[in-house]
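Student: Here's one I'd like to go through with you. Can we talk about its aromatic rings?

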Amino acid sequence: MKAYNIGVIPGDGTGPEVIAEAVKALKAITDAGGPEFNLVYHDLGGDRYLKKGELLPEWVLRELRQMDAVLLGALGHPEVKPGILEREVLLKLRFELDLYINLRPIVLFPGVYTPIKDKGPEDIDFVVVRENTEGLYAGSGGFLRKGTPDEIAIQESVNTRRGVERCIRFAFDYCRRRNRRKKLTLCGKTNVLTYAFDLWERVFREVGRDYPDIELDYAHVDAICMWMVKNPEYFDVIVTDNMFGDIITDLGAMIQGGMGIAAGGNVNPKAVSMFEPISGSAPKYTGLNKINPLAAICAAQMMLDHLGEASAASMLLEAVKAVVKNDVRSMDAGKMGYGTREVGDLVVKYIVEPMTT
Ligand code: IPM
Ligand code: MN
């Protein structure tokens with residue numbers, strides 16, 4: 001059986017607890033005849049920073065580059081000033097490993113509560129392809145006259161032709177492979193951001209000519225927020241820039257059942273990719289066995305899919321679906337009806353004995 005080298009970064013807060021359950025699920029997959037995983041742990045995060053002053057050492061980055069994939073728990077520590085771990089660890093990983101796609105499926109599994117009245121799993125099933133290395137996240141800008149009444153703060157959105165094009169091409173390819181409605185919606189703001197989204201829209205139309213089988217669709221980001229709530233069934237695949245993607249995928253996470261179940265992949269199609277639950281480190285739940293591990297388990301599921309392990313991926317997906325359909329009461333921490341470890345055990349149970357429906 002094939003063996004994969006997986007870099008594991010449990011991270012801060014509840015990260016280690018949810019990663020432990022994802023690892024448990026991966027072990028069960030191996031035991032059920034799936035691939036093997038050599039796990040290489042790295043203790044990046046707030047504790048390491050507070051103890052050693054280290055954020056993302058060069059040698060760790062070098063090791064991660066050699067992995068087949070990376071699984072990340074969460075970063076964010078109450079004693080570390082906001083922005084440091086985010087920018088110097090998470091975003092640095094995304095930038096240094098050139099993980100230029102942030103792939104976020106918005107899927108409502110049967111049995112999971114959505115706050116959207118009269119919508120069900122048949123209506124909420126789309127994917128957001130978020131650009132992950134540019135835009136407002138690039139860190140371009142600065143202060144002038146800082147701390148004075150005349151202070152100016154500038155934060156620029158950086159959109160390169162190359163960066164926009166590779167993201168849009170990925171989205172078209174993904175939409176084709178997904179093979180559902182074959183509709184790709186560009187989420188922008190061409191009526192106001194007349195430089196950035198002018199480039200995005202031109203590239204979108206241009207690249208779209210190579211995909212005659214895909215329907216091209218455009219909507220402003222504010223309209224997309226409305227439709228995600230009003231008629232989520234409208235969407236198949238959405239492609240957008242880093243900042244809009246960040247915002248609409250949190251909205252997406254809420255309509256698919258919340259942060260307890262939402263996962264994402266930081267993808268470079270030609271190099272190592274990194275998978276993570278999209279929630280934060282939820283420090284107030286640390287060590288309480290209350291946090292929902294399903295988002296981390298879904299991240300591991302996306303990782304299997306990305307590695308080309310289709311049958312292992314579907315085994316894990318079916319197990320998660322069985323748990324949310326039969327067992328877990330709510331996706332929210334402390335309200336699941338089970339503890340973190342017990343939800344992990346249930347996933348393992350359905351890997352060992354798949355539910356026959
Ligand atoms: C996410 C997170 C990050 C982001 C933060 C933690 C920097 O919100 O993965 O969506 O803004 O990208
Ligand atoms: Mn976010």
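Student: Are F126 and F235 buried or exposed?

Tutor: First, this is a predicted model, where local features need pLDDT of at least 70, side-chain atom pairs count only at pLDDT 80 or more, and totals for chains, interfaces and linings use all residues. Residues are numbered from 1 along each chain as written, chains are lettered from A and ligands numbered from 1 in written order, and side-chain values use heavy atoms, leaving out hydrogens and water. Buried means under 20% relative accessible area, exposed over 50%, and partly exposed in between (1.4 Å probe, protein chains only). F235 has 1% relative accessibility, so F235 falls under that cut-off, and both F126 and F235 are buried.

Student: What kind of aromatic pair do Y234 and F235 form?

Tutor: Rings of Phe, Tyr and Trp (its six-membered ring) pair if their centres lie within 6.5 Å; planes under 30 degrees apart are stacked, over 60 edge-to-face, and the rest tilted. Y234 and F235 are 5.2 Å apart, centre to centre, with 85° between the planes. That makes the pair edge-to-face.

Student: How far is the charged end of K183 from the centre of the Y234 ring?

Tutor: A charge sits over a ring if NZ of Lys or CZ of Arg is within 6 Å of the ring centre and within 35 degrees of the ring normal. K183 sits over Y234 this way, and the distance is 3.4 Å.
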